[in-house]
Amino acid sequence: MNLYKIIKQNQKLAEKRNPAFDTNRFAKFLMYFMIVYWAALFLFMGVMLPFMFEGLVPNMEPYHIMNQGILYVMLADFLIRFIGQPSVSQEIKPYLLMPVKRNKLISLLLLKSGLDSYNFLWFFVYVPFAFLTIIRFYGFGGMFLYLIGIWLVFVFNNYWYLLCKLLLGEKTLWLLLPVAVFGVLGVAEFLLDGLPISRFTMNLGEGFIEGNPLSFLFILACIGMMFFINLKLQQKMIYNEISKKEDTKIKRVSEYKFLDKYGEVGEYLRLELKLIARNKTVKTQFRMGFIVMMAFSFLVAFTDVYDGTGMIRFICLYNYAILPIMTLGQVMSFEGNYIDGLMSRKESIFNLLRAKYYLTTCIIVIPFLFMLFPVSKEKMTLLMAVAYLVFVMGFVFFMLLQLAVYNTRTLPLNANLMKGNKSSSTAQSILMGCTFGLPLIVDSMLSAFLPEEVVHIILIIIGMGFMATHNLWIKNIYQRFMKRRYKNMEEFRATR
Amino acid sequence: MEIKIEQLRKNFGEKVAVDIDGYTIHSGDMLGLVGNNGAGKTTLFRLMLDLLQADNGNVHIGENNVSENEDWKAHTGAFIDDGFLIDYLTPEEYFHFVGKMYGMKKEEVDERVAQFERFMNGEVIGHKKLIRDYSAGNKQKIGIISAMLHQPQVLILDEPFNFLDPSSQSIIKHLLKEYNQQTGATILVSSHNLNHTVDVCPRIALMEHGHIIRDIDNQDGSAEKELEDYFNVNVME
């Protein structure tokens, strides 16, 4: 248990002393604010749900309905964990050479993960909910047992997440595992008679409340099984995380010779393509962005889900902007790994930014091609599809590339991480907010006073203006970056 | 090309990292920078390369104040650590990339790299491996070659003998001497290895707590004794 305490203490220190967080009061404030916001929202849900359920289904107890829906809560919890919960293998590295058995170490880290306070997150909903619905029938004992049961469910979900995260780190194809599991559960629920899954979870929840040993044994067995699978897989895969593979040769060295004619910018374009193709973190991020972008495109092109002017406008804009937001939103963060090399060459950052601009501009032609389907189905006009494309290429990219001045946290190129670059400065947060919100605000304001065609023409003019002057404003970004270079370089080095 | 340091100060909190009133490295000099850990050698190099902000003073490379413009970068080559390498490229790609930044054609780069054949010892080129998968020694070689690729007039290498096997250490000493004689370039080399530094550098600056405390003429190789005395004294204390 001593080791357990040491590991826990070290992790607390690591969080406390994280340079990206340590130095930034705004980020700290934002984080605490978000925690309070979500806690309040969850508490509100916990208080309101009993009344809502009573009104909707008067012949059933609210906790039965709540228990029927626990799978949905588990799915939400599972997805939320991907935002920030690290995998066990990421935490294990510093302790591997210490005189502690590896099995014990992995078990301890898994245990620590099970006992993590995050697994109590949903108590913000469940405690007030149980207080209002269970006490009156089963007293405090029933409520207490129920909460223990619910906690165990989320401990199980924690291990399920860790398993998926571990496998996903190996191959993106493992994404199919959670998709298949949740898919099978969904199919069983809706295609079989009597909603068997929700009936089962309802009985399980009731078992918790009544203190039925079978319910607890069941969930404990599930946790035990998931713990065991995690333990075995972690043992097997730990080498992949901590060491290089034997065969490190690459199969094909891509030349991208066609870029030769574009001089230095062409060279940086080549570098960008290799950055995306050869680094796990960058590749995963790009792939995710691409998948989301394609999903948006397919929705617009082949379904009627997003009919209605407001929604079409929203989807049209973000179909173009989503991938750039995910990639350019972290501009310079990967370059932080070799910033010294870049900075020892003249104007390299200027050409790098230009290359990033050109590459992203080319990429968003893909969603434009998909837009031609809804255009052909007359869901939107060609003018609208072009207007938003040009507006994103001009104005949105102008906003996003400003982040080159303010992003100062190096992101690992090749780790099994799926963490984002947490907004770590006021300027970054404002810029990202503006990038998300401003285009829609501009569009909505113009649409309120002007006919649609005129709005689209204005958007094209704005976009073209920024596109035509891209060399000027990129130069300006570069000059501002150079003014802040010492601070940025220092922080890049500190977070490497 | 001359390097001039004037009133240069850099503190990290209370600790003085660099404090040099004035120091000139003449065009064509080959200067060895020695000192214990924390003496300020790498910090001085970073200040010279404008990778760190000085609290006071400035560094001129030729006519250029390094913090005021970037013109000096065209004729300066440097390698300090892995932070200079783009490790998801193969060495060939990296050399071509660096070459392009200095306006060199691919053929010119290949020709130049070929001159380092002995130094690379068949372990760097033609392996279809990314830089990140090379050993520390080979990464060091890649960094040194990339710094010398465009035949800079100022060459700054931090601990170039680190990680290298004895043969490569010997070759790089020979290469640096030859490069200095042939091109008249100003070369700055920091090292913990006194023997190598004395072998290769006719002038040696000894650093302690951020100050250059001795400027030793080593034309006749006589610095070894003085340096050994200094470092042994430190051990004795």
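**Close-up views of a two-chain predicted model**

**View 1. Two helices of chain A pack side by side.** Helix 8 (residues 123-133) of chain A and helix 9 (residues 135-170) of chain A pack with their axes 9 Å apart, at an angle of about 160°. Helix 8 of chain A is therefore roughly antiparallel to helix 9 of chain A (angles over 145 degrees count as roughly antiparallel, under 35 as roughly parallel, 65 to 115 as roughly perpendicular and the rest as oblique). Axes are lines fitted to C-alpha atoms, for helices over the stretch in contact, and angles run from 0 to 180 degrees between N-to-C directions.

Residues are numbered from 1 along each chain as its sequence is written, and chains are lettered from A and ligands numbered from 1 in the order in which they are written.

**View 2. The residues where helix 8 and helix 9 of chain A meet.** From helix 8 of chain A come Phe123(A), Tyr126(A), Val127(A), Ala130(A) and Phe131(A), and they meet Ile135(A), Met143(A), Tyr146(A), Leu147(A) and Ile150(A) of helix 9 of chain A. Residues are in contact if their C-beta atoms, placed from the backbone, lie within 7 Å. By class, this contact has 10 nonpolar, no polar and no charged residues (Ala, Val, Leu, Ile, Met, Phe, Trp, Tyr, Cys and Pro count as nonpolar, Asp, Glu, Lys and Arg as charged, and the others, Gly among them, as polar).

**View 3. Chain A as a whole.** Chain A has 24 helices and 0 strands (helices, H or I of at least four residues, and strands, E of at least two, are DSSP runs numbered from the N terminus). Of its 496 residues, 36% count as buried (20 or more other C-beta atoms within 10 Å of a residue's own; 12 or fewer means exposed, and in between is partly exposed; C-beta atoms are placed from the backbone). Among contacts in chain A between residues at least 6 apart in sequence, 78% join residues at least 24 apart.

**View 4. Strand 7 of chain B and its neighbours.** Since 5 of the 5 residues of strand 7 of chain B are buried, it is largely enclosed by the rest of the structure. Val154(B), Ile156(B) and Asp158(B) lie on one side and Leu155(B) and Leu157(B) on the other, all of them buried. Strand 6 of chain B runs parallel to strand 7 of chain B, with 4 bridges, and here Gly77(B) stands opposite Leu155(B). Strand 8 of chain B also pairs with strand 7 of chain B in the parallel sense, over 5 bridges; Val189(B) is the bridge partner of Leu157(B).

**View 5. Strand 3 of chain B, covered on both faces.** Met30(B), Gly32(B) and Val34(B) on one side and Leu31(B) and Leu33(B) on the other are all buried. Strand 3 of chain B pairs in the parallel sense with strand 8 of chain B over 4 bridges, with Met30(B) opposite Ile187(B). Its pairing with strand 9 of chain B is parallel too, over 4 bridges, and Leu33(B) stands opposite Ala205(B).

**View 6. Where chain B touches chain A.** Here 24 residues of chain B are in contact with 26 residues of chain A. Helix 2 (residues 91-101) of chain B gives the most to the side of chain B that touches chain A, with 3 residues. The residues on that side of chain B divide into 14 nonpolar, 4 polar and 6 charged.

Definitions and conventions:
This is a predicted model: local features need pLDDT of at least 70, side-chain atom pairs count only at pLDDT 80 or more; totals for chains, interfaces and linings use all residues. Two residues are in contact if their C-beta atoms, placed from the backbone, lie within 7 Å. Two strands pair if DSSP finds at least two bridges between them.
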